[in-house]
Amino acid sequence: MDRAPRRYLPAEWHPQAAILLTWPHPDSDWADQLPAVEACFLQLAQAILDHQDLWISCPSVDQFYTQFPQLRSERLRLFALPSNDTWARDHAALTVLEDGQPVLLDFQFNGWGLQFPADRDNRLTRRWWSQYARSGLRYESHLHFVLEGGSIESDGQGTLLTTAECLLSPNRNPGYSRGAIADYLRDALGAERLLWLENGALLGDDTGGHIDTLARFCDPQTIAYVQCTDPTDAHYEGLAAMEAELQSFRRANGEAYRLIPLPMAEAVYQEGRRLPATYANFLITNHKVLLPFYQTPRDERARAILAAQFPQREVVGIPCGALIQQNGSLHCVTMQFPQALYL
């Protein structure tokens with residue numbers, strides 16, 4: 001029988017208190033593209049505020065309301081916190097539930113394996129908790145262990161899906177074996193099982209193979225994944241091998257997963273370099289599924305596939321052409337917090 005362990009990482013479809021964004025600003029990699037990325041964030045923020053609470057970290061609360069008065073809402077809370085960048089999925093806290101109560105886990109964020117500055121981002125969770133969180137909200141420091149939210153997927157029942165390329169990266173947790181990482185995540189996240197993908201990566205992905213670009217739980221029985229059907233595409237062999245791995249995976253009860261193939265996004269280039277556009281980078285909210293759009297005919301194919309999978313939620317496309325210019329997309333800039341966590 002399916003059950004939730006005493007401590008567990010809720011699945012994304014677990015009822016949510018709010019979604020977090022870290023707003024782009026001039027002192028970041030977005031400096032040369034700020035108007036375009038702000039337009040994307042505005043559309044994303046409005047889609048969230050339409051039906052649930054939104055939390056935003058930004059350099060200045062007053063300046064934010066002056067610049068974006070259209071976002072004023074009883075559902076919006078702003079937090080004045082400095083950041084290096086905007087990828088909240090990876091620098092925000094992971095929230096586990098232990099006996100029904102939330103616990104903020106603060107892992108180290110080191111710029112996806114020491115690739116980019118992350119000093120301010122790595123302090124965001126501690127600063128947010130100490131300055132803004134309600135009294136009694138539990139906080140655990142795991143700052144000796146590198147872990148990004150985009151690198152793991154939870155079914156909410158003790159199973160995590162991840163990639164070996166990311167979690168075994170020598171620039172993240174050197175000295176940790178595969179077994180030691182599994183043991184650590186069992187203790188920290190209540191992960192009773194880890195499903196490791198050995199194959200599958202997108203060109204241009206500078207995260208080192210985040211799972212949220214490749215394969216996602218839609219419910220405890222179902223995984224949506226990126227499928228490449230073009231033998232001439234450079235991704236074809238790797239994603240075919242990943243597909244075979246997913247077909248071999250079994251649930252805790254021994255049953256095979258129901259697999260939902262998503263179309264490979266049409267190639268997006270920047271100065272001749274292919275960018276990691278993917279439809280797997282969607283966000284499940286309380287009443288919607290927010291899906292990255294890249295302004296190609298495949299957008300609607302992906303929407304129809306997910307609409308069939310989430311009949312109780314509206315699937316809304318968010319143009320993410322600006323986000324992909326910095327090698328990320330919609331899920332990468334968001335982090336959900338479970339309903340038990342309130343401010």
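Predicted model: local features only at pLDDT ≥ 70, side-chain atom pairs only at ≥ 80, totals over all residues.
Does N327 count as buried or exposed, judged by its relative accessibility? At 14% relative accessibility, N327 counts as buried, since the cut-off for that class is under 20% relative accessible area.

## The chain as a whole

The secondary structure of the protein chain comes to 10 helices and 19 strands. With a radius of gyration of 19 Å, close to the 20 Å that the globule rule gives for 343 residues, the chain is as compact as a globular protein of that length. Along the principal axes, its C-alpha atoms fill a box of roughly 50 × 45 × 40 Å. Buried residues make up 59% of the 343 residues, while the chain exposes about 13,700 Å², of which carbon and sulfur atoms supply 48%. Among the contacts with a separation of 6 or more, 74% are accounted for by residues 24 or more positions apart.

Helix α9 covers residues 298–309, and its 12 residues should span 16 Å at 1.5 Å a residue; the end C-alpha atoms are 17 Å apart, which agrees. The buried residues in α9 are D299, A302, L306 and Q309. These residues cover an arc of only 90° around the axis, which puts them on the same side of α9. An α-helix has 3.6 residues a turn, so residues three or four places apart point the same way. The cover over the buried residues of α9 includes the strands β11 (215–219), β12 (222–227), β13 (258–263), β17 (288–293) and β18 (314–319).

Helix α5, residues 124–132, has L124, T125 and W128 as its buried residues. They cover an arc of only 95° around the axis, and this puts them on the same side of α5. What covers them includes the helix α3 (88–91) together with the strands β2 (16–22), β3 (53–58), β4 (76–80), β6 (101–108) and β7 (138–146).

## The open sheet around β5

An open sheet of four strands has the order β1-β5-β6-β7, with mixed pairing. Its edge strands are β1 (7–8) and β7, each of which pairs on one side only. Strands of a sheet pair through backbone hydrogen bonds, either parallel or antiparallel. The pairings are set out below.

| Strand pair | Sense | Bridges | Residues opposite each other |
| β5 and β6 | antiparallel | five | L94 and L105 |
| β6 and β7 | parallel | six | F107 and H142 |

Five of the five residues of β5 (residues 94–98) are buried, so this strand is largely enclosed by the rest of the structure. L94, V96 and E98 point one way from β5, whereas T95 and L97 point the other way, and all are buried. In a regular strand the side chains alternate between the two faces of the sheet. Strands β5 and β6 also form a hairpin with two residues between them, and D99 in the turn has a positive phi of about 55°.

## Individual residues

Most residues other than glycine have a negative phi, and most peptide bonds are trans. W112 has a positive phi of about 55° although it is not a glycine. This residue is found in helix α4 (residues 111–114), and W112 is buried, with a relative accessible area of 9%. The residue of the opening question, N327, likewise has a positive phi, near 70°, in a residue other than glycine. N327 has its place in the loop between α10 (321–324) and β19 (334–338).

L239 lies in helix α8 (residues 236–248) and is buried, with a relative accessible area of 2%. Leaving aside its neighbours within four places in sequence, L239 is in contact with G200, L214, V226, C228 and M264. L239 and Q227, which are 12 residues apart in sequence, lie 6.4 Å apart in space, C-alpha to C-alpha.

Definitions and conventions. Residues numbered from 1 in each chain as written. Heavy atoms only, no water. Expected span 1.5 Å × (residues − 1). Buried < 20%, exposed > 50% of the residue type's maximum accessible area, 1.4 Å probe, protein only. Arc of directions from axis to C-beta. Contact = heavy atoms within 4.5 Å. Rg over C-alpha atoms; globule rule 2.2 N^0.38 Å. Areas by Shrake-Rupley, 256 points an atom, 1.4 Å probe, with all protein chains shown as cover. Pairing = 2+ DSSP bridges.
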